[in-house]
Amino acid sequence: MPDRLRRSFFRKPADRLAADLLGQRLVRAHRGHRRAGIIVETEAYLGTIDAAAHTYQGRRTPRNEAMYADAGHAYVYFTYGMHHCMNVVAHSADTPEAVLIRALEPAEGLEAIRRRRPKARRDTDLTSGPAKLCAALDIDRKLNAADLTSSTRLWIEPGHTITPDRIVRTPRIGIDYAAEWTEKPLRFCLRNHPHLSRPAP
DNA sequence: GTGTGGATTATCT
DNA sequence: GATAATCCACACC
């Protein structure tokens, strides 16, 4: 079993986990081949109090059930009729917080990633968005509710240690309907990183 | 380089 | 029936 992040790493509030996931390595294995990228951008969704979260006010549906699992599971959902997005469940079972993975720096399996992203003109277009990276790493609802601490298909390995001065916080992307939660600085980026979904000031 | 609108359908109300 | 934690193409500067 490869070295990977354990349950205890994920058992913390989503905003702390969002910062701690920066610099770690997301790995997708399929038939003995690896695709991987370094996490460079995340967003925290703070559970039942967060008007932008799928679990706002305790909503619990078949789609978001994985957010109620223990920390360290994946929550993968389908949206806009054509895209998948991947989250890492935070905190603990029945406390439905999660971290959306928004961008990666491609690190392994570049040929396979490029095949999955035929419209990308430059390498910085390959995984610079939550749906782009799911397409690139072939992450879809088959992996919803996968346990990242034991899955043979999807996990996270320890990467670089990131010091706080290299992290920029901004409001979340695509949230314009969540009242006071719209502007909270819950997006976490590696400062000036070329693979961000959008530049962070 | 920036801004706008269309794609496309599972999911929820 | 309306919406969506998005992406891409194309117009315009």
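Me: Before we look at anything, what does "buried" mean here?

Reply: A residue is buried when its relative accessible area is under 20%. Keep in mind that this is a predicted model.

Me: Okay, so why is Asp-147 called buried?

Reply: Asp-147 has a relative accessibility of 17%, and the cut-off is under 20%, so Asp-147 counts as buried.

Me: Which residues is Asp-147 in contact with, leaving aside its neighbours within four places in sequence?

Reply: Those are Arg-4, Arg-7, Gly-72, His-73 and Leu-154. To count as a contact, heavy atoms have to be within 4.5 Å.

Me: Let's talk strands. What makes E1 and E2 a pair?

Reply: Pairing takes at least two bridges. Strand E1 (residues 25-30) is joined to E2 by six bridges, so the two count as paired, and they run antiparallel. One spot to look at is His-30, which stands opposite His-33 in E2.

Me: What lies between E1 and E2 in their hairpin?

Reply: Two residues do. Arg-31 is in that turn, and its phi is positive, about 50°.

Me: How do you know that E1 also pairs with E6?

Reply: Same test: at least two bridges are needed. E1 and E6 have four bridges, so they pair as well, again antiparallel. Over there, Arg-25 stands opposite Glu-157 in E6.

Me: How much space is in the largest pocket, and which residues are closest to its centre?

Reply: The largest pocket holds about 430 Å³. Its lining has 21 residues, and the closest to the centre are Tyr-45, Tyr-77, Leu-100, Ile-173 and Ile-175. Among the elements giving two or more residues to that lining are strand E2 (33-45) and H4.

Me: What classes of residue make up that lining?

Reply: The largest pocket is lined by 14 nonpolar, five polar and two charged residues.

Me: What about the second largest pocket: what is its volume?

Reply: About 360 Å³. It has 21 lining residues, and nearest its centre lie His-83, Arg-117, Ala-131, Lys-132 and Ala-135.

Me: Which element gives the most to the lining of the second largest pocket?

Reply: That's H4, with five residues. By class, the lining of this second largest pocket divides into eight nonpolar, five polar and eight charged residues.

Definitions and conventions:
Residues numbered from 1 in each chain as written. Chains lettered and ligands numbered in written order. Predicted model: local features only at pLDDT ≥ 70, side-chain atom pairs only at ≥ 80, totals over all residues. Heavy atoms only, no water. Buried < 20%, exposed > 50% of the residue type's maximum accessible area, 1.4 Å probe, protein only. 1 Å grid on protein atoms, 1.4 Å probe; cavity = no way out; pocket = protein on both sides within 12 Å on 5 of 7 lines; lining within 4 Å. Points joined across faces, edges and corners; volume = space filled by probe spheres on them. Nonpolar A, V, L, I, M, F, W, Y, C, P; charged D, E, K, R; others polar.
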